[in-house]
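Welcome! Let us walk through this structure together, starting with how its chains meet.

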Amino acid sequence: MIRLLRTLGHLTVDGIWQVGFATRFLFAMLRHSGPSFARFSLTIRELYFSGVLSLVIIVVSGAFVGMVLGLQGYDTLQRFGSESALGSIVALSLLRELGPVVAALLFASRAGSAVTAEIGLMKATEQLTAMDMMAVNPLARVVAPRFWGGVLSMPLLAAIFSTVGVIGGWFIGVVVIGVDNGTFWSQMANSVDFREDVVNGVIKSFVFGWAVSLIAVFQGYDCTPTAEGVSRAITKTVVYSSLMVLALDFILTSFMYIVK
Amino acid sequence: MNRAILDLWVGAFVALGFVALMFLAMQVANVSEEGTRGETITLHARFEDIGGLKVKAPVKSAGVVVGRVTAIRFDSNTYQAEVEMKVSAVYPFPRDTIASILTSGLLGEQYIGLAAGADSEMLKDGDRIEMTQSALVLEKLIGQFLFNKAAEGGSK
Amino acid sequence: MTTNPDSADPVVELRGVDAGYGERLILSGIDFSVRRGQLVAVMGGSGSGKTTLLRLVSGQLRARKGSVRVFGESMERISEKELYALRRRMGMLFQFGALFTDLSVFDNVAFPLREHTDLPESMIRDLVLLKLNAVGLRGAATLMPSELSGGMARRVALARSVALDPELIMYDEPFAGLDPISLGVIGQAIRKLNDALGAASILVTHDVVESLAIVDYVYLVSQGKIVAQGTPDEVRASADPFVHQFIHAEADGPVPFHYPAPSIEKSLFLEAEAQP
């Protein structure tokens, strides 16, 4: 019993310590973010690695998610004779939830883990210390550009995901099943609100971008500088950022659509 | 990686992202509001009960979207709902047009239906549609139905 | 054989320094100095605190007690900005080179120049090729670090650490894991660079033969203390049992072969008792 309590206490203290450390890390990084924008080529490089290289997985997954939504949505809706609402179902699911959330989960496992691995390996091979010894702050030169690259890519990736998804849903619904093209788009346009759905989706993906990028760079920077430590840090990045995205999604959704 | 190629890729990526956002805004959310594109006139109407009508609900005539609801207020003098709508100026309606609140399908969204009258004068910007028909509220209908049944049973 | 005889105008000076991590004390009562133009070796077994000494000098670690002065500046209450200003005058070669794996050899050597100077690209190119030439790798400028052998990577890292012509160069185990030929090449390069730049150098190593051949002065560290010091000849001739064991690589001596443990008879007997 006492051991159980002690374990619980240990976990709590450890958790709080980690959160505090991550917060301090975030502020230190923001303070050293000047070069990421003054020398924007640093950030452009990271936009390439986290944004452009994630495009394939985002586009392919978006297309499949949209097509599945088309099939499932049609199957359910036709039982109530409201196939005409297919466009709304597909667009609303993608814009409000699936676009930001699934894109963020994919982003965490594709780009987040890569960033953690890169920073972790640089730490393990003393590249970060070497940089520090050359009077170049690794927070400013290595960490901050990767963070901002992630933050900037995420909303764009989520928008691309949703768009491809809508097209995928349209393909199944209109081209394959034969729902009327005009009904599909007009129903969609009638029920989707720009402020309520599109902007909220972008806000969500922006917040997810912050969360995933922070976790990725923090885990890389904080890892034990050994091969084992780096691999553990990558696992942590994927697990923590997935959980964080889902938890944040719940919180944001309740503020955006329920609490008013 | 060559700097120029890198810039090109990132540029393409950012452009693609913005195209996607534009697509979502224009095609999916339809910011341009079809049916109220171009010149519009504002019309008012009072309803006893608007049911589940919401701002931005379509205004249709013969099933075609001709405008949108822009505001819904409660008038404490008449205890009625005051609805403001913007209707395309391309379609003029006679002064004795009837506005009713209808439902698309059994459980669908509610919209305002305009049934044109025969007056030779047309509605102008800021005019009021005098003849209105309230929404059919399902609970009221069922209540009425049950009441009638009970009354029938009692009279037998 | 008590103090460094050339300790007038020292670049690095430690007086009565204690240092450690967390609750562990790694170094205690360290007196240490390096003069301009001098190449000093710090030798000792693994885990004796040699690397910690370098971390103190480079400002990665603060001393618990005593004073650390580098270029005459006290390191105890130095700000981040002042520390970075000092570090621009230092170069450090890491154990495995620590080259930036995403940059080519050329860009690695150019890195400190690009970060700290506004030199035009043509001048940076000339400087980088000169530095690479000094370590014999001008032809490898376009290679990536993954394409280099261990010895070549170490030489590139050496070129990078002296890119800004530092006044103090630190070497952390520069000989670790090198074949005899590369080892000789690096050793000669270290000596040559030190003399050419007129810099002060600290060489942390446990490679006795190679370092005694090139250095001016030696500190021997064991269990967090400086146990002996002197010129290479003095150290070689020393009668001190520890120095003798270390220099001549004997398995047993003042540093025991066995990690402290109960006697083997007792361990085996207990084992036998546990399994009747």
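Across the interface of chain B and chain A there is one residue pair in polar contact, with both residues at pLDDT 80 or more. A polar contact is a pair of N or O atoms within 3.5 Å; within protein, one must be able to donate a hydrogen and the other to accept it, and residues adjacent in sequence count only if both atoms are side-chain atoms. This is a predicted model, in which local features need pLDDT of at least 70 and side-chain atom pairs count only at pLDDT 80 or more, while totals for chains, interfaces and linings use all residues. Residues are numbered from 1 along each chain as its sequence is written, chains are lettered from A and ligands numbered from 1 in the order in which they are written, and side-chain values use heavy atoms, with hydrogens and water left out.

Helices (H or I, at least four residues) and strands (E, at least two) are DSSP runs, numbered from the N terminus.

Carbon and sulfur atoms give 80% of the area buried between chain B and chain A, which is about 2300 Å². B:Phe13, B:Leu24 and B:Val28 supply 28% of what chain B buries against chain A, more than any other three residues. Buried area is the accessible area (1.4 Å probe) that two parts lose on being put together, summed over both.

## Two interfaces side by side

Contact means heavy atoms within 4.5 Å.

| Interface | Residues in contact | Buried area | Salt bridges |
|---|---|---|---|
| Chain A and chain C | 21 from chain A, 21 from chain C | about 1700 Å² | four |

Between chain A and chain C, a salt bridge joins C:Glu115 to A:Arg39, with the closest N and O atoms 3.2 Å apart. On the side of chain A that touches chain C, two or more residues each come from α5, α6 (127-133) and α7 of chain A. The largest share, six residues, belongs to α6(A). That side of chain A holds eight nonpolar, five polar and eight charged residues.

## A helix of chain A

Which residues of helix α8 (residues 181-191) of chain A are buried? They are A:Phe184, A:Trp185, A:Met188 and A:Ala189. These lie on the same side of α8(A) because they cover an arc of only 115 degrees around the axis, the arc being that of the directions from the helix axis to the C-beta atoms. Their cover includes α5 (86-124) and α7 (138-177) of chain A, together with α1 (3-28) of chain B. Buried means under 20% relative accessible area, exposed over 50%, and partly exposed in between (1.4 Å probe, protein chains only).

## Chains B and C

Chain B has two helices and eight strands, and 34% of its 156 residues are buried. In chain C, there are 10 helices and 10 strands, and buried residues make up 49% of the 276 residues.

Key: A salt bridge is a side-chain nitrogen of Lys or Arg within 4 Å of a carboxyl oxygen of Asp or Glu. Ala, Val, Leu, Ile, Met, Phe, Trp, Tyr, Cys and Pro count as nonpolar, Asp, Glu, Lys and Arg as charged, and the others, Gly among them, as polar.
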